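Open your viewer and get ready to select residues by number. We will go stop by stop.

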Amino acid sequence: MKITVLGGGNGSFAAAGDFALSGHEVRLWRRDADQVAAHRAAGSRILVKDHNGSHDVKLALVTTDMADAVEGTELILCPAPAFAQSDIARLLAPHLRDGQVVFLPPATFGSMIFAQAARDAGNNAKASFAETGTLPWLTRKHGPFEVAITIRAKRLPVGVFPLDQAPHALAVIGRAFPDAIEACGDALSGALMNAGPIIHPPLIVMNAGPIEHFERWDIHKEGTQAAIRRVTDALDAERIAVREALGYGAPHFPLAHHYAREGEIWMYGRGSHDRLTDSGDWRERIVLTEHRYMREDLRLGLSLLVSVAGLAGVDTPLAKAFLSIGGAVCGEDFARGGRTLQTLGLGELSKAELQTLLRNGF
């Protein structure tokens, strides 16, 4: 199939390389003109490294031109961080056409930002927008055009906006991720599957000392200790309580299953945590005030969770606490400056009105 990948980070290169490796026609869009020129000069190729070795794949197009990037493609995948979504959505909005599917893995309810951008651009194309709970690859770039894929996702719970277009959207996404896609309802359900705001805030806040002391620190290895895991499970319980209060059913993909050696398989499958830490790719330098774990997962992800919890009538003391501590670390008020139903333009809707919008669209 014809696929467009937006962005130039770890996830975007893993997506573009892995899709090309699977035989799809892949176009890669990114804003950095110098990087695009360098990539073209290198033959528009990506070196993909996985457990089967190294694979040199060629992309159909590498470009800064959004119109060229998405012309005639069926699936548009944007794994860019949530704080980049508004700018990318505005650039994409005029070019969407009937039947195209925009997939955000994951998105912090970013599907609404892309849908609203299309509406605001006066584009009435019947496109659909979807998001899931995690990036489909555990991955890190090893060079400008080289990416290592440690694990590919086994289960991807996907929510779609508007929900009445879910059959088409899930079918298109499923062709890119065979046997991995699981319908989980509307886009807010998909947003409340996002694992990043659950796993990363406790790891960076409770490991702030060693993160700032050592040149590099693996939050998933030395940083994942029993006390932190107990807090993570308690924070995840708040997320699941919000899902249940909004009427979303199981499976809720509790993060505890990511670490378990038996029981229900989580998004990355069995043993994924061990493979992640064994790779060594997550022993990295983290600048707490700048890193996406703070700017995306904590600031945006937890502010969204707290906001939605308010609509659902659920208390979220841990999410609020991490927002306060993260804001103090960065010298900002994360509770006021994050992503909420209000900042998304949905703050005046009742629960029933929001659910109607999610089902039927604008």
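**Stop 1**

Select R285 and E215. Their side chains meet in a salt bridge, at 4.0 Å from N to O. R285 lies in the loop between strand 14 (283–284) and helix 13, and E215 in the loop between helix 9 (208–213) and strand 13 (217–218), so the pair ties together parts that are 70 residues apart in sequence. Both R285 and E215 are exposed. Keep in mind that this model is predicted.

Why do such pairs form? Side chains of opposite charge can pair when their charged atoms come close. A search of the whole structure finds 22 salt bridges.

**Stop 2: a loop and a helix**

Next, select E332 and R295. They form a salt bridge too, and the closest N and O atoms are 2.9 Å apart. E332 sits in the loop between helix 14 (317–330) and helix 15 (334–337), while R295 is in helix 13, so this pair ties together parts that are 37 residues apart in sequence. E332 is partly exposed, at 35%.

**Stop 3**

Now select residues 45–50, which make up strand 3. In a regular strand the side chains alternate between the two faces of the sheet. Look for that here. I46, V48 and D50 point to one face and are buried.

Find I46: its bridge partner in strand 4 is V57.

Strand 3 and strand 10 pair in the parallel sense, over 3 bridges. Here K49 has A148 as its bridge partner. K49 also forms a salt bridge with E146, with the closest N and O atoms 2.9 Å apart. That pair links distant parts of the chain, 97 residues apart.

Finish this stop with D18, D50 and R152. They are linked in a network of salt bridges.

**Stop 4: the cavity**

How many cavities of 30 Å³ or more does the structure hold? It holds 1. About 90 Å³ of space lies in the largest cavity. Select its lining: T108, A191, L192, N194, P197, I198, R239, G301, L304 and L305. Helix 13 gives the most to this lining, with 3 residues. By class, the lining has 6 nonpolar, 3 polar and 1 charged residues.

Conventions
Residues numbered from 1 in each chain as written. Predicted model: local features only at pLDDT ≥ 70, side-chain atom pairs only at ≥ 80, totals over all residues. Heavy atoms only, no water. 1 Å grid on protein atoms, 1.4 Å probe; cavity = no way out; pocket = protein on both sides within 12 Å on 5 of 7 lines; lining within 4 Å. Points joined across faces, edges and corners; volume = space filled by probe spheres on them. Helix = DSSP H or I, 4+ residues; strand = E, 2+ residues; numbered from the N terminus. Nonpolar A, V, L, I, M, F, W, Y, C, P; charged D, E, K, R; others polar. Buried < 20%, exposed > 50% of the residue type's maximum accessible area, 1.4 Å probe, protein only. Pairing = 2+ DSSP bridges.
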